[in-house]
Amino acid sequence: MILQHDSWKEYIKQRRKEHNVNRNENELIELIKHETIRNNSDNISRTIAYQNYYFRMNSIQWSFLASMVSRNAGYNMTDLENQNFINGLSLKQRKQLYLTYERANWIIFSDAFPQLLLFEFSVKQNKPLFYLLKHFSVSSFMEIEWEKYWTNRDHVRLVYSLIINEQNMIEKPVIQDEYFKHEVFDTLSYKLQEQLKLSSVIFPNLLGEVYGMSIFQFQEIDKRIQIGKQLYSILFHEDLHHLFCEFAKQITHSGSRNDYEEIVGFPTSNNPKLRDVYPIIPHKRTKSFDWYNSTVFQQGWYKKEHYSDQFKFKETFLMKQDLMMSLLKMKSLFK
């Protein structure tokens, strides 16, 4: 996929300057903002909102990817309230890790969900409404990509574009933020986890199988984009997609790994349900900016990623979990 945005850029820039909203458009903007805030309260509400959207608008495949990755964010959050993590990490460390997951996912949802809803209203009205994206501080990059999607219906390109956008969205406010760099990414615990590739995203199914991959080099945007595309290749593989959909429909997300452990034959982690341990965290969006105006776009971001057998992940994930628990138990001895 070769990005050809130059012919669009000036047009979008001019349109953003000149368009004034009418009464009906303003009502739609306020409705979308309300729905976004309502569904962005915590990990559970985000996961459900992404999933429900996909099952009523299944051409927007990114929404299913977002819902399944959001499930994993919930698992990672409640891991921090698992007794092994409580013993191995300080309260401060666990709080900082939780805030990293929560902040990144809140930012992505606040940017992405208005795009999804605006596409849905465009379909209902049978006309593109993407000129309203500026009112949600959505990048000009995605305004161009939605316009292109409206005419070419290139589902894969749209997924890749949304992955590229979301990872650029969190680059400054999370990855490069001084607080998160100092308190999370530069810590010995985080660097050890990265070195051993202990962090994972997994997709179980009702047959007891587990697919997924290790997550590492998280601070590198190229790697995060590649990982997103690889996860997409798993979820939408022609032989597997219906299995993941069945799992999503039948297993209500609680944030706990107990949601899937018995199904796939894993020993129970005894993780709590997310809403039993975490309150609603209030967020404020940092000063809005259009990352596309200040970022050198990499053509490699559109390189296709394909499914491979290495994504069958059950045994590998169990091994990594065992290693993680062993390290936490060792660390607890020296606290």
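Which helices each supply at least two residues of the lining of the second largest pocket? I looked this up and found helix 2 (23–39) and helix 6 (91–125), where helices are DSSP runs of H or I with at least four residues, numbered from the N terminus.

Before going on, I note that this is a predicted model, in which local features need pLDDT of at least 70 and side-chain atom pairs count only at pLDDT 80 or more, while totals for chains, interfaces and linings use all residues. Residues are numbered from 1 along each chain as its sequence is written, and side-chain values use heavy atoms, with hydrogens and water left out.

**Pocket**

I worked with a 1 Å grid over the protein atoms alone, on which a pocket is an open set of points with protein on both sides within 12 Å along at least five of seven lines, a cavity is a set where a 1.4 Å probe fits but cannot get out, and lining residues have an atom within 4 Å of a point. The second largest pocket has a volume of about 350 Å³, a volume being the space filled by probe spheres set on the points, which are joined across faces, edges and corners. Its lining has 15 residues, with Thr 36, Ile 37, Asn 40, Trp 106 and Ser 110 nearest the centre.

**Cavity**

I searched the whole structure and found one cavity of 30 Å³ or more. The largest cavity has a volume of about 70 Å³, and I list as its lining Ile 107, Ser 137, Met 169, Pro 173, Arg 285, Thr 286, Lys 287, Ser 288 and Phe 289.

**His 283**

I placed His 283 in the loop between helix 15 (274–277) and helix 16 (314–332). Not counting residues up to four places away in sequence, His 283 touches Glu 102, Arg 103 and Trp 106, contact meaning heavy atoms within 4.5 Å. From His 283 to Ile 107 the C-alpha distance is 8.9 Å, although the two are 176 residues apart in sequence.

**Helix 1 and helix 7**

I then turned to helix 1 (residues 6–18) and helix 7 (residues 140–152), which pack at an angle of about 110 degrees with their axes 10 Å apart. That makes helix 1 roughly perpendicular to helix 7, a label given to angles of 65 to 115 degrees. In this contact Trp 8, Lys 9, Ile 12, Arg 15 and Arg 16 of helix 1 meet Ser 140, Glu 143, Ile 144, Glu 147 and Lys 148 of helix 7.

I also noted a salt bridge (a side-chain nitrogen of Lys or Arg within 4 Å of a carboxyl oxygen of Asp or Glu) between Glu 143 and Arg 15, with the closest N and O atoms 2.7 Å apart. Glu 143 lies in helix 7 and Arg 15 in helix 1, so this pair ties together parts that are 128 residues apart in sequence.

Methods:
Axes are lines fitted to C-alpha atoms, for helices over the stretch in contact, and angles run from 0 to 180 degrees between N-to-C directions. Angles under 35 degrees count as roughly parallel, over 145 as roughly antiparallel, 65 to 115 as roughly perpendicular and the rest as oblique.
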